[in-house]
Amino acid sequence: DKMFRLVDADSDGIVTPPQIMELLATLTNTRSRTGFDKGNLEWLEQLFRQTVGNKTEIQKEDFKKILITKNPFFTERVFQIFDKDNSGSISMQEFLDAMHQFAGKSPDDKIRFLFKVYDLDGDGLIQHRELQHVIKACMEENDLRFSEEQIDDLTIALFEDADAENRGAITYEALKNQLEKHGGLLENLSISIDRWLVPPKPKPPPASVFGKISALKPYQLSLPYLKNNYVYLSFLTIFLLVNLGLFVSRSFQYRHSSIFVILARACGQCLNFNCMFVLVLMLRHSITFLRTRGFSSFLPLDQHIYFHKLTGVLIFVYSITHTIMHLLNFSIDVVNDPVINAGNYTLSEWLFTMKPGLFGLVSGIANPTGVALISILIVMFICSQTFVRRGGCFEIFYWTHLLYIPFWILLNLHGPNFWKWYIVPGVIYLIERVLRFTWMRSERGKTYISSGLLLPSRVTHLVIKRPPQFDYHPGDYVFVNVPMIAKYEWHPFTISSAPEQEGYMWLHIRGVGEWTNRLHNYFEKEQEKLHNLEQQLPGKMQLQLQPPTPTATTNGG
């Protein structure tokens, strides 16, 4: 009632669209709009570099840390608008182009940005439901409290006022005319980027020696970084301390042995832990289960891929050291020891046969399996490097990574106590694989690609028929298998369409590797057929989806 009386200025019991426009035009917001000058743009470039670290593009999770909004909806929309090539990440050029676009703060820039935010499906028109969704979020962002009914009334009033020609949708020109007609309306309903990304004034260079030394401190040691990443850093510290503790305790246990044995045994104990932990990081469904129940607040579940890589590097380093120390031990000490080598076996017999009958889960099997394990590990490590994965040879990475199956079988035979570390995560992983295989063999998640659109930067826009009961949230990614492209390969991609969109879902896939380029080339050829032969597509490309996974991490081939 109070709101109605406030809008109904002439007290005639009727609220008209112009009266609502007048009210919205007079409302103010306490959050200032600063805009960007040259110094601020340089600061933003520095902020981008600090955020991405050694990477070249900023991911959505990192983008949320530098975009200050009250409503996550706007973070999603601004990210999508900045990400011009729909790659799922923002390059330095995309970031700076967007910043320069809004540095001038011209009304046209504001309106054009506002229109992009409102146009959720990117069809160049603002539908009634799109306007209603954004108006609600916009009111919350501007600290304006309206009920659902009042939001509906505001949406209807705005829509009727803008859609003067009764088209059933609002064009850019119509929105521009509406905002120009009502002066203050632009300031209160526009989603201005300079309200969120407001950089501080550049600090003067430190005068004192201590200040100059402090300025050299890496960003990773700054308070904001520690505050934003304390869960990840705490877990990383614990992880490294566990490795250190295992190494030191094992070294102390064999302190009376030769240095070769000490280092080999210490690395072996660390390998027990890390080879178990790398399996834990592969429990995809378990990690999703924990993430959806709030465990991300004290476990770095979104960094599981990084920890997987880090653990892989540690396994490789420990294994090389473990192998070299054992080679030196057997070639220098063991073959010359009259007690241990009572059978007078040669070094080759010790390394490649089970004749000596010592060491391993099965007596004598440790050394032959060790040779096989280090060979497998070298192949897996080399083929998992960036120059292979991102250099157009993703299939080599994919198939060689499947060597983890014989690796773990041999590892259980090699280390007499490794099975104690492996048993629990191994059983869980086996259950997950059975479930995944069951889903793959069933009709669950099977669907088809309705259309594939070719965008700049070798981006393929896939429009996929949404499978029944396939629910997801903003930022989720999904594992995709397209048999026509590669029968056995599954690749994760961020879902780029809104969850509210019914019937279909979108993926934007950039050609950066063998699989993604093969997908792009397929639709390129189909497009040529349509243009040159004027024929329809031969059929709908079949594909299968696995249940969506929360977080925006993408790692397509």
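This is a predicted model: local features need pLDDT of at least 70, side-chain atom pairs count only at pLDDT 80 or more; totals for chains, interfaces and linings use all residues.
To count as a disulfide, a pair of cysteine sulfur atoms has to be within 2.5 Å. Cys270 is in no disulfide either, its nearest cysteine sulfur being that of Cys267.

Residues are numbered from 1 along each chain as its sequence is written, and side-chain values use heavy atoms, leaving out hydrogens and water.

The pLDDT (the predictor's confidence in each residue, from 0 to 100) has a mean of 76 for the chain, with 68% of residues reaching 70 or more. It stays under 50 over residues 25-35, a stretch with 30 contacts beyond four places in sequence. Residues 550-557 are also below 50, with 37 contacts beyond near neighbours in sequence. A contact means heavy atoms within 4.5 Å.

## The nonpolar cores

A nonpolar core is a set of buried Ala, Val, Leu, Ile, Met, Phe, Trp, Tyr and Cys residues joined through side-chain atoms within 4.5 Å. The largest one has 33 residues, and Cys275, Phe407, Trp408 and Leu411 touch the most other members. Among the elements giving it two or more residues are helix 15 (230-253), helix 18 (304-333) and helix 23 (404-414). Helix 16 gives the most, with nine residues. Helices (H or I, at least four residues) and strands (E, at least two) are DSSP runs numbered from the N terminus.

What does Trp408 touch, leaving aside residues up to four places away in sequence? Its partners are Cys275, Val278, Leu279, Met282, Phe418 and Tyr422. There is also a second, separate core of 19 residues, including Ile449, Val478, Val482 and Ile495.

## A threonine in strand 3

Thr447 lies in strand 3 (residues 446-455) and is buried, with a relative accessible area of 5%. A polar atom of the Thr447 side chain lies 2.5 Å from the backbone oxygen of Lys465.

Methods: Buried means under 20% relative accessible area, exposed over 50%, partly exposed in between (1.4 Å probe, protein chains only). A polar contact is a pair of N or O atoms within 3.5 Å; within protein, one must be able to donate a hydrogen and the other to accept it, and residues adjacent in sequence count only if both atoms are side-chain atoms.
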